[in-house]
Amino acid sequence: MTSRDPTAEPGRWVPLHDLLAAVDADIEAVYESRGIQGLRPRFAYPLIRLAHTGPLSIGELAASLNRSHSATSQTLSALRRQGLGELEPGADARTRRITLTERGRALVPFLEAEWRATEEAVAELDDEVPYAMSAVVEHLRRALARKPMRERILERLADEDAPAESPR
């Protein structure tokens, strides 16, 4: 195993993280250029989905977006803080459903147009680089389906790298 000091140089994954952050920042700048404050790119898909399905529980929305319950719950909390969604009672006392506010519903047509424009921009990028970004992502997805990242990392961690358990 190659030993690197994580503070000495950026790892190979850092440029990907930085690229995704830059793309999100550019999309957020589009929102701000249209006078929309407090909207994050991660809100678009849930807002569009809720506009088309009506109120859903967190679990239902997470499943429909192919996201984790935890990530969806965090996004919905942020949507509520921005006045884009609100909770209403569900079918039983344990369930609550998220619904769009008037502000959330009003943003959906713009978000759908932005989504299409983003898809077209990605296609344009695919044409500009010698390998399509979408193809690279699909190849990575297949490779990770064969052998998840968790396994790849664990194979590289030596037993002595594990923290010692503290006695109880």
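**View 1. Helix H3 is followed by Asn-66, whose phi is positive, near 60°.** This is a predicted model, in which local features need pLDDT of at least 70 and side-chain atom pairs count only at pLDDT 80 or more, while totals for chains, interfaces and linings use all residues. Residues are numbered from 1 along each chain as its sequence is written, and side-chain values use heavy atoms, leaving out hydrogens and water. Look for Asn-66 in the loop between H3 and H4; helices (H or I, at least four residues) and strands (E, at least two) are DSSP runs, numbered from the N terminus. Asn-66 is not a glycine, although its phi is positive. Asn-66 counts as exposed because its relative accessibility is 69% (exposed is over 50% relative accessible area, buried under 20%, and partly exposed in between, with a 1.4 Å probe and protein chains only).

**View 2. Helix H3 (residues 58-65) has Leu-61, Ala-62 and Leu-65 buried.** These residues lie on the same side of H3, because they cover an arc of only 100° around the axis; the arc is that of the directions from the helix axis to the C-beta atoms. The buried residues of H3 pack against H2, strand E1 (56-57), helix H4 (69-81) and strand E3 (96-100), where contact means heavy atoms within 4.5 Å.

**View 3. Here is Thr-75, found in helix H4.** Thr-75 has a relative accessible area of 11%, so it is buried. Leaving aside neighbours within four places in sequence, Thr-75 is in contact with Arg-42, Phe-43 and Pro-46.

**View 4. Helix H2 (residues 41-53) and helix H5 (residues 102-128) pack at an angle of about 115°.** Their axes are 9 Å apart; axes are lines fitted to C-alpha atoms, for helices over the stretch in contact, and angles run from 0 to 180 degrees between N-to-C directions. On the H2 side, the contact is made by Ala-44, Tyr-45, Leu-47, Ile-48, Ala-51 and His-52. H5 contributes Gly-104, Val-108, Leu-111, Glu-112, Glu-114 and Trp-115. The residues of this contact divide into 8 nonpolar, 2 polar and 2 charged (Ala, Val, Leu, Ile, Met, Phe, Trp, Tyr, Cys and Pro count as nonpolar, Asp, Glu, Lys and Arg as charged, and the others, Gly among them, as polar).

**View 5. Val-30 and Glu-114 are 84 residues apart in sequence.** In space, their C-alpha atoms are 8.7 Å apart. You will find Val-30 in helix H1 (residues 13-33). With 37% relative accessibility, Val-30 counts as partly exposed.
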